[in-house]
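Take the model a piece at a time.

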Amino acid sequence: MSGHISLESLSAYLDGETAPSETRRLEAHLAACAPCSSRLEATRRVVGGLRFLRPAPPPPDLPARLEDRIAVERADAGARRGGLDRLSSLRSLRSVRSWLWWQGLPPLHGSFSAARPLVTAGLALLVAMLLLQNGESGVGLVSPAPKLPHAGPEFLVSEAFGEAPQVLPQTTSEVAGRVFVWSDDVWVQRGVDAGPAGQPRAVAARSPAGRAMLAKLSDLDVLLADGSRVVLRYNTETVELWNGS
Amino acid sequence: MKAAWIAAGVGLHDLDLELAQRHSRGDVRAFDEVYSRYAVMVFNLALRLSGDPDEAADLTQEIFLRVYRHLDSFSGRSALKTWIFRVALNHCRERLSRFRPLTQPIGDAVDGDGTGGEASIADPRRGPEELAVAADLGRQVAGALARLPPPFREAVVLRDLQGLSYEEIAAVLGVRVGTVRSRIARGREQLRGLLETMAPAGVRHRPAAAIVDADPAASRGDKGELSA
């Protein structure tokens, strides 16, 4: 082995994450190279230092708090069954947003253009009207779908006045060489917003078409895992994949 | 154990899937079981990503509420543990990036009484002086960890505090194993640099060395770590 061992290899070696052949090469080098042995020891000390952060128990009242929230959730679901379904209204609203987006309006995850606050302000107004129609003072703390918290007043007010969050979400994921960006509770394949006009075809992950897609890009299920959706270019069309049947 | 399940024709994820199916059938014990299994894991992930015990408690509650809502959509394609880590990480990223900075100044990462997890390191077999040193070093490490850029912090926390394999971390983060390897190495290297700059005035020895000297566990298990 010429030169010194890279930090990456030393770190992986320490974790037992190197292949047997690589391990043998590294050990032969370490036996003869003081600087590399010294760097390995330094890395080992850092890992050793992290042992001081032992697991802490969750607060003892957490189960009770969670139970209360779940009870509210159940009651909320029961109340919804008898009246106007505000969720469906919000879903319709989200469809409108999605439709606007796909018709070529400013991308939801891009830089804030001049038009975006206006569009969002209009949507905020629509949300307020829908909620007033339902006789509710605001979006409930507990929502029956993962999308709802993002449509809460805090988020919309912030956007309506053009105040971007101080630190934008940095989340990106790579799946089979594609880069996905976490954008407004949707994973969007980078570059896909320049795609053809019109609404993307919605495909449920558990449908035959969804299963076929996941069989080819199995890592996608990790992105879908928390109920979020994934917008991607699949063959020649744009597809919105969601975790449902 | 794993081999026994496979020999019996039971996939490991099938057991997780069964738990999810029980939940969707309304079996309340299924969610209790999920909480019992993963509460400590989720709370500590939230704690180390947020650096704040109160925030971590709120995050944990919200994460389990999400798990409660969506457990029936768990398909068993990955382990439930990976799925829950993914949910937890997404929620932490969303909430922490939207409402507050991801990094905190050194020393602010945990509160004064060490409830950021350092209190839990108390081992009755260790003397008071040793415990005080351990608590102090724990605060230093927590402070340094809080200053790492989020991608590196996530990788280091998942590996060194949660004990996930590189492959599991890749699944949780949705990146390649090579990316995980790089992030862990760079995170540890930055951590080493931060710990060195955090040596108290007048103490010029390397703090990372002091940490290991004070940690009785650090001297054991090296051979095991090195085995491939």
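Axes are lines fitted to C-alpha atoms, for helices over the stretch in contact, and angles run from 0 to 180 degrees between N-to-C directions. Helices (H or I, at least four residues) and strands (E, at least two) are DSSP runs, numbered from the N terminus. This is a predicted model, in which local features need pLDDT of at least 70, side-chain atom pairs count only at pLDDT 80 or more, and totals for chains, interfaces and linings use all residues. Residues are numbered from 1 along each chain as its sequence is written, while chains are lettered from A and ligands numbered from 1 in the order in which they are written.

Start in chain B. The axes of helix 8 (residues 166-173) and helix 9 (residues 177-197) of chain B come within 8 Å and cross at roughly 105 degrees. Helix 8 of chain B and helix 9 of chain B are therefore roughly perpendicular; that label covers 65 to 115 degrees, with angles under 35 roughly parallel, over 145 roughly antiparallel and the rest oblique. Helix 8 of chain B contributes Tyr166(B), Glu167(B), Ile169(B), Ala170(B) and Leu173(B) to the contact, and helix 9 of chain B contributes Val177(B), Val180(B) and Arg181(B). Contact here requires C-beta atoms, placed from the backbone, within 7 Å.

Ile169(B) also belongs to the largest nonpolar core, which has 88 residues. Such a core is a set of buried Ala, Val, Leu, Ile, Met, Phe, Trp, Tyr and Cys residues joined through C-beta atoms within 7 Å. Buried means 20 or more other C-beta atoms within 10 Å of the residue's own, exposed 12 or fewer, and partly exposed in between, with C-beta atoms placed from the backbone. Residues with the most contacts inside the core include Val230(A), Leu241(A) and Ala46(B). Ala46(B) touches Ala56(B), Leu59(B), Thr60(B), Ala88(B) and Cys92(B), not counting residues up to four places away in sequence.

Now follow Val230(A) into the strands. Val230(A), in strand 5 of chain A, is the bridge partner of Trp187(A). Three bridges join strand 3 (residues 186-189) to strand 5 (residues 229-234) of chain A, and the two run parallel. Pairing requires at least two bridges found by DSSP. Six bridges join strand 5 to strand 6 (residues 237-242) of chain A, an antiparallel pair. In the hairpin of strands 5 and 6 of chain A, Asn235(A) takes a positive phi near 55 degrees.

Finish at helix 1 (residues 7-14) of chain A. Six of its eight residues are buried, so this helix is largely enclosed by the rest of the structure.

Key:
Contact = placed C-beta atoms within 7 Å.
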